[in-house]
Structures are given as structure tokens and as C-alpha cells.
Amino acid sequence: MRSHKSLGTLLSIIFMGFGQLYHRQFVKGGLFIALELYLLLFWTLPFRNAMWGLYTLGETTQTRVGFTIVQGDHSIFLLIEGIIFLICGLLFLWMYVLAIRDARRVGFQRDQGKKANTFKETWRLLTDKGFPYFLLMPSVFFTAFLTILPLIFGIAIAFTNYSAPNHIPPASLVNWVGFQTFIDLFNMKTWNRTFLGVFSWTIIWAVLATVTTFFVGLFFAVLLNSKGIRFRKFWRSIYILPWAIPSFVSILIMRNLFNGEFGPINQYVEFLGLAAVPWLSDPNWAKFTLVLVNIWFGFPFWMVLMSGVMTSIDRELYQAAEVDGASGRQRFIGITLPIVMFSTAPLLIMNFAGNFNNFNLIYLLTQGGPVNIDYSYAGSTDILISWIYKLTLEQSQFAIASVISILIFFVLAAVSIWNFRRTRAFKEEDTML
């Protein structure tokens, strides 16, 4: 004789809810059946059309018949609609699997001689043990359509030829091209020279921006925690102001200060009898200015963080080292620096990722300039994220911008995973768990 578990699972696979009906859970089974019937009756045709649009991205373009414009297929709308229906289909499959597992679990209980729960008992169980899942379900749906949907759409664009001037709907269709855009990025001189130049500067920028703010913050934290420093609260409040003021306002002020023609900094330089410095008009000086301004904005965070770490260090360690004859420099290298590095290493990695995509400072201070004649749609100080901004909103090169976004993800993921695996703070955290 076939077991209740096997038969209930088989019936639930054939049609969602049949397994629950077999186990005499009529209300639950009826709800599952009603859901699948509703989807089959009202969603089959729209789902088929959406999958057609996702596969073909349209077949007819916008045309003009006399004075009338006949609308054609909009490839991007079809792509988004197809992704939405695909996510809904996956959510339905997930619910289908849950129904099968439920029928299998109830069948296993019946094979052991237990009675299947009634609807009231099931509802009581859901409201008791399943209450956290009810609260989490809205976040699942919001995540699916506000995070996963844009992510899939951005990735999908990389495998199309969605770009100006020949593939912008509705005047023209967008086509799937596979990995051709990836190949063009590295093979075509129009793109590979710009990509390699911008990518190398992005790495240099991220490293310099992270290291300089870290060690400048460390320097001021050491000063503020040194013996004999008076008015610590006053100095700490002064140095934290650059971090407290909105960066948007501060960056625009900095751009005026470093203006090569009428900026007050150059006016003081000329007053001293020196030549004006092309802070933002020369590529090398512009990069130097970016690093300098970023130090001003970034070091207060590290200063406050490291000050907190230093105050928690056991003073007996310093006293023991002083008794052993260690100098101040040796105490700093042997005690302070290792503890600070151990405590701040995870944040240092996150700060590197943030600087890698630091769009605000680059675009608001230099707008990627000055102009570099060897680059396509990029300036001398553009990083990958600001180049993507120009490619999408200014040049409509959506496909190549999507490819660069995917490459940014892989670079940051690889660097972060490698660093996290080598960070002692996470290793010791796993050991404690």
C-alpha cells in the first residue's frame, strides 16, 4: 500500500492543493487550488506574452502613416515586463514547492499515526510560530521588486545593444547580442583605452583616498589622546566639523576655493609672488586636489573611531612596556597600532569600496575633468562610476555602462572577499561563534 506521504506528495505535484485535500485539509487545499486556478485562467496569456517579449524584445518599430504615428514594440518596456512576470513566476514556484513540502510533511505525520491538523489548528500554528514569517513576507516582495528587479534589469542590459544612436526605442528595437558588448569593451580601441585608463585611476584613487584618510585620522587620534593635551573636547569638536557638514555644500565651496582663475587660494599664492597653481585644470594637479579634499572630509571619521578604540586599550599594557624600557615609538608600533588595525580592518575594507564608488566628490569637484583627448566620454579624473553616469545620462550608451557596472561588482566582491578572509577580526569572531 502506498504511504500517505508519497501519495499526498504526488497529488500535490500534479495540482497544487490536491495533496491537502487528500489529507482532508479542505480549507487549506481549497485556497491552494483557487490560487492556481486564478493564475492559470488570468495569468497564462499575459505570462506567455511577457516571455515572448523577454525573448524577442519586440518585432515592430514605430512607424509613421501619413500624419499618424503607429506605435511599435518598446524593447525596454517588454524587457521590464518580462522580468516582472519572471519574478512573479518564480515566487509562484516557490509557493508551489511550499505546498508540496506541506503535503509531504502532513503525509509523514499520518504515516506515524498522527491526525492531520484542522484549519483552525493550522491557523493557530501559523499565528504562533509563523508570525515572524508574516512580518518578513512584505520585505521579501519589496526586495524582489525594488532590489532584485533593477539588478536583473541592469545585468540584462549588458547583453543587449541598447545604445545611441541606432538602438533607442521606440524608434528602433533593441536586440540580444550575448557577450558582444563585453568583447567590444576590451577589443575596440574606442573603449579599451578609456576603460584601462579610468580603471587604473579608480584603483589608485580608492587606495590613496582610503590610506590617506586612515593615517591622517590615526595621526590626529594619537595627538588627541596624548598626555598633556588640553581642551580635548574643543579640538575634537573642531576636527569633526568637516564630517558633520553636508558634503554637497562643502564640495561646492572647495571647488570655488580651488578655482584656478578667481579662487582665493590662488590669489594668496600670487600675493606671495608665486605662479598660480592649476588645481583643477591640470590632470595631475586635479588628482592631487581630489586626494587633498578627500582627506579633509574623510579623516574625522577615522579620528573619532580610533580615539574610541584607544581609550579602551588597557593602560597596564603601556605601563608594562614602559617598565621594560620601550620608547613611545615602540609602544605605539607594538601596542596601539596592532589593536587599532585589528578593530578597524573591516571598516577599512568597506571604506575602500565606498571610495571606489565615490561619485559625489569626483563629479561635484572636477566633473571628471580636465578633458582627456584619448578617452571616450571620460575626463582625466573620472572614475568608473562617474564614467558610467556620463555614458548613461549624457551619451545614452546603456549597454557598455551596464557591462562596466558588472565589472565593478566583480572587482569589489573579489577584493572584499579576499580581505575579509584574511582579516583576523572575522576569523576570531567565527571562532567565538
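**Charges over rings**

Author: K287 lies over the face of W201, at 4.9 Å from the ring centre. A charge is said to sit over a ring if NZ of Lys or CZ of Arg is within 6 Å of the ring centre and within 35 degrees of the ring normal. R110 is placed likewise over the face of Y22, at 5.4 Å from the ring centre.

Reader: On what basis are these values given?

Author: This is a predicted model, in which local features need pLDDT of at least 70 and side-chain atom pairs count only at pLDDT 80 or more, while totals for chains, interfaces and linings use all residues. Residues are numbered from 1 along each chain as its sequence is written, and side-chain values use heavy atoms, with hydrogens and water left out.

Reader: How is a pair of aromatic rings described?

Author: The description uses the distance of the centres and the angle of the planes. Rings of Phe, Tyr and Trp (its six-membered ring) pair if their centres lie within 6.5 Å; planes under 30 degrees apart are stacked, over 60 edge-to-face, and the rest tilted. The structure holds 31 such pairs. In one of them, the centres of F159 and F182 are 5.4 Å apart and the planes stand at 40 degrees, so the pair is tilted. F159 belongs to the loop between α7 (131-157) and α8 (180-187) and F182 to helix α8, so the pair ties together parts 23 residues apart in sequence. Helices here are DSSP runs (H or I, at least four residues), numbered from the N terminus.

Reader: What do the buried residues of α4 pack against?

Author: Contact means heavy atoms within 4.5 Å. A50, G53, L54 and T56 are buried in α4, and the buried residues of this helix pack against α5 (75-111). The expected span of a helix is 1.5 Å times one less than its number of residues. For the 13 residues of α4 (residues 44-56) this gives 18 Å, and the end C-alpha atoms are 18 Å apart, which agrees. Just after α4, L57 takes a positive phi of about 60 degrees.

Reader: How many residues has the largest nonpolar core?

Author: A nonpolar core is a set of buried Ala, Val, Leu, Ile, Met, Phe, Trp, Tyr and Cys residues joined through side-chain atoms within 4.5 Å. The largest has 22 residues, and those with the most contacts inside it are L185, F356, L384, W387, L391, I404 and I408. Two or more residues come from each of α8, α9, α15 (328-356), α17 (384-394) and α18 (398-422). Of these, α18 gives the most, with eight residues. A second, separate core of 19 residues includes W201, L290, V293 and L361.

Reader: Which residues does L218 touch?

Author: L218 is found in helix α9 (residues 189-224) and is buried, with a relative accessible area of 4%. Beyond four places in sequence, L218 touches M306, M310, F332, L337 and V340.

Reader: Where does UniProt place the feature "transmembrane region"?

Author: UniProt positions are given in the numbering used here, with feature names shortened, and annotations may be inferred rather than shown by experiment. The unreviewed UniProt entry places this feature at several spans, including residues 198-225 and 332-353. Residues 198-225 are 96% helix and 0% strand, with end C-alpha atoms 40 Å apart. Residues 332-353 are 100% helix and 0% strand, with end C-alpha atoms 28 Å apart. For "domain: ABC transmembrane type-1", UniProt (unreviewed entry) lists residues 199-419; that span is 75% helix and 0% strand, and its end C-alpha atoms lie 20 Å apart.

Terms used:
Buried means under 20% relative accessible area, exposed over 50%, partly exposed in between (1.4 Å probe, protein chains only).
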